[in-house]
Structures are given as C-alpha cells and as structure tokens.
Amino acid sequence: MRPTVLIVDDDPTVTDHFSRILRLEGYDVSAAYSPEQGLSLVEHLRPDAMVLDLQMRAMDGLELLGRFRTMPHLADVPAVIVTGDYFMDDEIRRRLAELGAQVEFKPLWVEDLVRVVNTMARSK
C-alpha cells in the first residue's frame, strides 16, 4: 500500500504543484484547497503525513493542526507547516512544536518537499 499525504493550502498553485510532485514520488495524495475542506477530508482519511500551509484566510495552519490533533486518528500523524514567514513569532513556533509539527520555509524546493515527506512517512 502506498503512503497517503494530506496537503492543505489555500493557494491552488502550491497545492497542485505539491500534489503532482508527491504523486510522482509514489504517494497517494489528498489535497484540500481550504482548511474547511481539509477537515471534511479527514473524516474518512487517515494520512501517513500532513503538509499544511501556515497562513490561510479562513483558518491558519496552527488552528487547523490543533483541530486535527483533537481527532484520535490524527493525534500522532507527522505534520509539517510550510510558511514564507521567516520572522514567525516565538509563541507560534512553541505552539507548533507542542503540536508535533516541524516548520519548513518557502520556497520549498522539490527535493526539500520529497525529503520532508519521505522522513515523515518513514517515521509512521
């Protein structure tokens, strides 16, 4: 069985690009273009890894990950938060660490995305 990755990013270009890359690497990918769509997807999905954008309009990635962590089937799924905010507040970093997420900064190159997801999927 192929590992499954959940991608949630409200930028369709990023979501589609990440999805294409990971499918070429042999992953099953479930993509959501909004946090709400991501919440809907995980009702019936148990991904092996999650890639979430930090800054989304309706709900940020920190809040979304917090909601995911309250769901028993997502409590320990490895997650990476992707952001272009190099000056991220220390409190946000601390909270992400508490939620078990690593942080990667944009631009996230192909080899970096593959490395991060491969590491997370293997840790599962």
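Q: Which residues point one way from β1, and which the other way?
A: In this predicted model, Thr4, Leu6 and Val8 point one way from strand β1, while Val5 and Ile7 point the other way. All of them are buried (under 20% relative accessible area; exposed is over 50%, partly exposed in between; 1.4 Å probe, protein chains only). Strands are DSSP E runs of at least two residues, helices are H or I runs of at least four, and both are numbered from the N terminus.

Q: Why is β1 described as largely enclosed?
A: 5 of the 5 residues of β1 are buried, so the rest of the structure largely encloses β1.

Q: How were the model and its values handled?
A: Residues are numbered from 1 along each chain as its sequence is written, and side-chain values use heavy atoms, with hydrogens and water left out. Because the model is predicted, local features need pLDDT of at least 70 and side-chain atom pairs count only at pLDDT 80 or more, while totals for chains, interfaces and linings use all residues.

Q: In what order do the strands form the sheet?
A: Two strands pair if DSSP finds at least two bridges between them. Here 5 strands form an open sheet in the order β2-β1-β3-β4-β5, with parallel pairing. The edge strands are β2 (28–32) and β5 (101–105), each pairing on one side only. Neighbouring strands are turned by 20° against each other on average, direction ignored.

Q: How many bridges join β1 to β2?
A: 5 bridges join them, and the two run parallel. Threonine 4 has aspartate 28 in β2 as its bridge partner. The chain crosses from β1 through α1 to β2 in a right-handed β-α-β crossover (clockwise from the first strand over the helix to the second, with the strands pointing away from the viewer).

Q: Which bridge partner does isoleucine 7 have in β3?
A: The partner is valine 51. β1 and β3 pair in the parallel sense over 4 bridges.

Q: What about β4 and β5?
A: β4 (residues 79–83) and β5 pair in the parallel sense over 5 bridges. Isoleucine 81 stands opposite valine 103 in β5.

Q: At what angle do α1 and α5 pack?
A: Two packed helices are described by the angle and the distance between their axes. Axes are lines fitted to C-alpha atoms, for helices over the stretch in contact; angles run from 0 to 180 degrees between N-to-C directions. Helix α1 (residues 12–24) and helix α5 (residues 110–123) pack at about 65°, with axes 10 Å apart.

Q: Which residues of α1 meet α5?
A: His17, Phe18, Ile21 and Leu22 in α1 meet Val110, Leu113, Val114 and Val117 in α5 (contact means heavy atoms within 4.5 Å).
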